[in-house]
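Subject: Structure handover

Hello,

Please find the structure below.

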Amino acid sequence: MSKNQYTVGLLFLIAGAVILLGKLGLFAFIGTNFWPLFLLIPGILLHVLFFGRLLPPFVLIPGAILTINAFIFFFCMALGWGKMHYVWPFIILSVAAGLYEYHLFDTYRPKFPLTLAIVLALAAVAFFIIMLVWGWGLYVIAVFLIAVGAWLVVGRKARW
């Protein structure tokens, strides 16, 4: 058998396997359930290339954003996209984490990315607290107020 026949036969085998796997729904399953890997892999790769001294420190900003957002999307895919109502402030926090990494690992330690990271982190935490209080947090506040009121009324001896 010539080398060309072997190569063509191998290409036919690969093409047939790809078509068969596509018809069985493997690629649709992977595309539906594991698409955040297309964010996670480049994010981790940017970190690896930076720590391997192949890329400059500013690549840590998109690296952190991609990595953290991939985990957010995996979380929402596992528990339902309704949870995005509560975890969206972590997207802002991913930008803050990227800026903080840039500040931390740059040799000149620029102050502006650190300041911006702190502002974004505080905003993300504030938004997260607002989301908690706006939802089920009001019930916690109500129960707390009822408990304090009951303690003030019943717990103290009446001096009438």
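First, a definition: angles under 35 degrees count as roughly parallel, over 145 as roughly antiparallel, 65 to 115 as roughly perpendicular, and the rest as oblique. The model is predicted, so local features need pLDDT of at least 70 and side-chain atom pairs count only at pLDDT 80 or more, while totals for chains, interfaces and linings use all residues. Residues are numbered from 1 along each chain as its sequence is written, and side-chain values use heavy atoms, with hydrogens and water left out.

Helices α6 and α7
Helices are DSSP runs (H or I, at least four residues), numbered from the N terminus. Helix α6 covers residues 89-105 and helix α7 residues 111-155; they pack at about 160°, and their axes are 8 Å apart. An axis is a line fitted to C-alpha atoms over the stretch in contact, and the angle, from 0 to 180 degrees, is taken between N-to-C directions. α6 and α7 are therefore roughly antiparallel to each other. Their crossing is left-handed, meaning that the near helix is turned anticlockwise from the far one by less than a right angle.

Contact means heavy atoms within 4.5 Å. Among the residues that meet are Phe 90, Leu 93 and Tyr 100 in α6, and Leu 114, Ala 117 and Phe 128 in α7. The contact of α6 with α7 has 18 nonpolar residues, 1 polar and no charged. Here Ala, Val, Leu, Ile, Met, Phe, Trp, Tyr, Cys and Pro count as nonpolar, Asp, Glu, Lys and Arg as charged, and the others, including Gly, as polar.

Helices α3 and α4
Helix α3 (residues 37-51) packs against helix α4 (residues 60-79) at an angle of about 145°, with axes 7 Å apart. This crossing is also left-handed. The contact of α3 with α4 holds 15 nonpolar, 4 polar and no charged residues.

Asn 69 lies in α4. Asn 69 is buried, at 10% relative accessible area (buried is under 20%, exposed over 50%, partly exposed in between, with a 1.4 Å probe and protein chains only). Beyond its neighbours within four places in sequence, Asn 69 contacts Ile 91 and Ser 94.

Aromatic rings
There are 9 aromatic pairs. Rings of Phe, Tyr and Trp (its six-membered ring) pair if their centres lie within 6.5 Å; planes under 30 degrees apart are stacked, over 60 edge-to-face, and the rest tilted. The rings of Phe 50 and Phe 51 have centres 4.9 Å apart and planes at 70°, so this pair is edge-to-face. Phe 50 is buried at 6% relative accessible area, whereas Phe 51 is partly exposed at 45%. Trp 35, Phe 73 and Trp 81 form one aromatic cluster.

Regards

Methods. Helix = DSSP H or I, 4+ residues; strand = E, 2+ residues; numbered from the N terminus.
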